[in-house]
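Take a moment with the sequence and the structure. We will walk through a few parts of the fold.

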Amino acid sequence: MDTPDNNEEEAWAVSSPAMGRSLREALECPVCFESMVPPITMCTSGHSLCRACRPRLPSCPTCRQPLLGIRNVALESLARELLPQDVLQAPQEQLTTPMEPNYGCPLDCPWTGLKSEIRLHVSMDHSDKILVGIREHSCQWELPLIVKDVRVIFAFGEVFRYRLRLHTIKKIFYITVQYVGLPSDATKFKYEAELNTGEGQQKVMVVGHPTLGHQQDLQAVYDSGGCITLDYDLVKNVALGKQLVFIVKLTKCAS
């Protein structure tokens, strides 16, 4: 009996009704049931969504895992092979609409997701690290001055990362607040610190700084003096009682 060559086997695979149906089902979006066309992105478990449904979902509808910005190259190649050109060629306004970027967890855990998903993630996994601002234009919190501290701030409908670090050799506290979002929007907010004496009669104000971008190199910021710095000995002299505490303020700048 003659053995079919590779071309015949490939032709059979493409022409098989069951095979064709399975391949088309693989391209079906689990949300809208339309055919997925590039760009096709995945969740952490490998499930894919169409580009229209992806920005509207907080997590994968199949497994509830975080959605990633990683492209499913194999599925995109399959779509180009199987789908007709009128399906692949979406309206120009859809093709030019940028996909919403993914962000890492502000507390540096492995989680990633949309900016709108950060609050839910932090509330579920890092609830002890949340600072919430309720005032319209200015919020403040009393915080400890310790060797290292990282918090997430939710204020003005935005997300920020507060970070404190004590350089034990230089005896300097570095205080930064980073804006999670477009770097161009970081300058719309500023932060400052306030120290009080033990009697509460004297205040030492520290000049504020615009919030930093969430991807800025903090070591470079420390080296350049582009953040709040507090001398350890000064803080110790004006500390409230025996605790090293201070007030950090976050303000929305006037438009």
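How many of the eight residues of strand β8 (residues 148-155) are buried? Seven of them are, so β8 is mostly covered, given that buried means under 20% relative accessible area. Keep in mind that this is a predicted model.

Now look at the partners of β8. Strand β6 (residues 130-132) pairs with β8 in the parallel sense, over three bridges. Within this pairing, Ile130 stands opposite Val152 in β8. Strand β9 (residues 158-167) also pairs with β8, but in the antiparallel sense and over eight bridges. Here Lys148 has Arg165 in β9 as its bridge partner. Together, β8 and β9 form a hairpin, with two residues between them. Phe156 sits in that turn and has a positive phi of about 60°.

Next, find His214. This residue lies in the loop between β13 (212-213) and α7 (218-224). Arg161 is 53 residues away from His214 along the chain, yet their C-alpha atoms are separated by 7.7 Å. Beyond its neighbours within four places in sequence, His214 is in contact with Tyr103, Arg161, Gln178, Tyr179, Val180 and Gly181. With Gly181 there is a further detail: its backbone oxygen lies 3.4 Å from a polar atom of the His214 side chain.

Finally, turn to the cysteines. The structure holds zero disulfides. Cys63 has its nearest cysteine sulfur, that of Cys43, 3.7 Å away. A disulfide needs two cysteine sulfur atoms within 2.5 Å, so Cys63 is in none. Cys63 is partly exposed, with a relative accessible area of 23%. Cys253 also counts as partly exposed, at 30% relative accessibility.

Technical notes:
Residues are numbered from 1 along each chain as its sequence is written. This is a predicted model: local features need pLDDT of at least 70, side-chain atom pairs count only at pLDDT 80 or more; totals for chains, interfaces and linings use all residues. Side-chain values use heavy atoms; hydrogens and water are left out. Buried means under 20% relative accessible area, exposed over 50%, partly exposed in between (1.4 Å probe, protein chains only). Helices (H or I, at least four residues) and strands (E, at least two) are DSSP runs, numbered from the N terminus. Contact means heavy atoms within 4.5 Å. A polar contact is a pair of N or O atoms within 3.5 Å; within protein, one must be able to donate a hydrogen and the other to accept it, and residues adjacent in sequence count only if both atoms are side-chain atoms. Two strands pair if DSSP finds at least two bridges between them.
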